[in-house]
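Dear colleague,

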Amino acid sequence: MIVPYGHVIVLAGMIFAVGLVCMVARRNLIMLLVGVEIMMNGAAIAFVGAALRWQLLTGQVFVLFLIGVAAAEVSVGLVLIVAAYGKTGSLDPDAYNILKW
Amino acid sequence: MTLYGAGFYLLGSIILGTAVLAVTRRNTVHAVICLIVSFLGTAVLFYLLGAPFLAALEVIIYAGAIMVLFLFVIMTLKMETSSEQGTSMGRWGPAVLLGALFLILIVFMVIRDPADRVPLETALAEPTTFGRFVFQNYWLAVEIISLLLLVALVAAIHLGKGKGEQMKEDEP
């Protein structure tokens with residue numbers, strides 16, 4: 001016996017909320033990606049807790065794919081950030097205003 | 001409270017505390033280092049919740065590969081430390097409000113549902129069992145995720161290479 005299932009869900013929700021705050025508040029593209037990573041981490045904790053709650057392996061399989069998707073997302077996202085930095089010389093999303101006139 | 005329960009709350013506070021530290025650091029390198037501690041805590045939590053294979057993957061892929069990628073990119077780019085100007089309340093207020101609203105919804109949902117009060121039983125998914133289960137029931141998803149990783153690899157090479165050539169042309 002570990003803890004009630006609801007506590008795992010609340011912990012996952014708290015971690016997800018921290019990632020959400022990071023995405024909304026920080027004005028730095030790299031910190032935006034960090035926020036996405038924190039949110040995916042929270043989702044993974046919820047899935048593993050649910051897999052233990054119902055004694056099913058499907059939740060763990062989903063976390064496996066979540067980790068794969070996170071790896072792909074981070075590699076493409078970081079390369080896009082480097083490309084955008086090469087074009088504008090800034091990491092601030094507010095500086096990307098080439099289309100504005 | 002059992003030993004496992006105490007371990008869960010300790011790990012949860014470590015994960016949450018380091019995540020909050022990572023979000024509030026001004027220096028991006030410090031943020032990523034805090035995040036590595038958070039991911040290592042998550043790996044131990046996975047082990048506690050009966051997923052040793054996922055714990056190993058979390059250490060190798062999340063805390064190892066992804067965070068090293070972040071560090072490489074941060075050290076490649078020249079960071080302007082004063083980019084985050086503006087009133088701190090104006091930026092953090094709405095964000096914290098949004099997060100608190102979300103959290104209240106989650107807690108309300110958990111309190112309302114009596115099924116969430118079921119105590120978890122300790123269990124262990126052996127990596128062998130897990131691997132058999134994945135490749136017997138979800139082999140198509142494994143192929144799809146490998147294709148996704150291939151596409152991401154091609155996209156990363158294409159985007160990264162294009163920038164390098166552009167810089168070479170600009171030099172003379």
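H1(A) passes H4(B) in a right-handed crossing, a crossing being right-handed if the near helix is turned clockwise from the far one by less than a right angle and left-handed if anticlockwise. Helices here are DSSP runs of H or I with at least four residues, strands are runs of E with at least two, and both are numbered from the N terminus. The two helices pack at an angle of about 165 degrees, with their axes 9 Å apart, where axes are lines fitted to C-alpha atoms, for helices over the stretch in contact, and angles run from 0 to 180 degrees between N-to-C directions. That angle makes H1(A) roughly antiparallel to H4(B), because angles over 145 degrees count as roughly antiparallel, those under 35 as roughly parallel, 65 to 115 as roughly perpendicular and the rest as oblique. Among the residues that make the contact are Gly6(A), Ile9(A), Gly13(A) and Ala17(A) from H1(A), and Trp92(B), Ala95(B), Gly99(B) and Phe102(B) from H4(B); two residues are in contact if their C-beta atoms, placed from the backbone, lie within 7 Å. By class, this contact has 18 nonpolar, three polar and one charged residues, with Ala, Val, Leu, Ile, Met, Phe, Trp, Tyr, Cys and Pro counted as nonpolar, Asp, Glu, Lys and Arg as charged, and the others, Gly among them, as polar.

Please keep in mind that this is a predicted model, in which local features need pLDDT of at least 70 and side-chain atom pairs count only at pLDDT 80 or more, while totals for chains, interfaces and linings use all residues. Residues are numbered from 1 along each chain as its sequence is written, and chains are lettered from A and ligands numbered from 1 in the order in which they are written.

Two further helix pairs belong beside the one above. H1(A) and H2(A) pack at an angle of about 170 degrees with their axes 7 Å apart, which makes H1(A) roughly antiparallel to H2(A), and their contact has 20 nonpolar, six polar and one charged residues. The axes of H3(A) and H3(B), in turn, come within 11 Å and cross at roughly 5 degrees, so that H3(A) is roughly parallel to H3(B). Including Val63(A), Ile67(A) and Val74(A) on one side and Leu57(B), Ile61(B) and Leu69(B) on the other, the contact of H3(A) with H3(B) has 17 nonpolar, three polar and no charged residues.

Taken over both chains, the contact involves 71 residues from chain B and 58 residues from chain A. On the side of chain B, H1, H2, H3, helix H4 (88-112), helix H5 (127-137) and H6 each give two or more residues, and H4(B) supplies the largest share, twelve residues. The residues on that side comprise 54 nonpolar, eleven polar and six charged ones.

Chain B itself has six helices and zero strands. Of its 172 residues, 23% count as buried, a residue being buried if 20 or more other C-beta atoms lie within 10 Å of its own, exposed if 12 or fewer, and partly exposed in between, with C-beta atoms placed from the backbone.

The largest nonpolar core has 72 residues, of which Ile15(A), Val18(A), Cys22(A), Val34(A), Ile45(A), Val48(A) and Phe46(B) touch the most other members; such a core is a set of buried Ala, Val, Leu, Ile, Met, Phe, Trp, Tyr and Cys residues joined through C-beta atoms within 7 Å. Not counting residues up to four places away in sequence, Ile15(A) touches Ile38(A), Asn41(A), Gly42(A) and Ile45(A), as well as Ile15(B), Leu16(B) and Ala19(B).

Two loop residues deserve a look. Ala51(B) is in the loop between H2 and H3 of chain B and counts as buried, because it has 30 C-beta neighbours inside 10 Å. Leaving aside neighbours within four places in sequence, Ala51(B) is in contact with Val48(A), Gln60(A), Phe46(B) and Ala125(B). Gln55(A), found in the loop between H2 and H3 of chain A, is exposed, with 12 other C-beta atoms within 10 Å. Phi of Gln55(A) is near 55 degrees, a positive value in a residue other than glycine.

With best wishes
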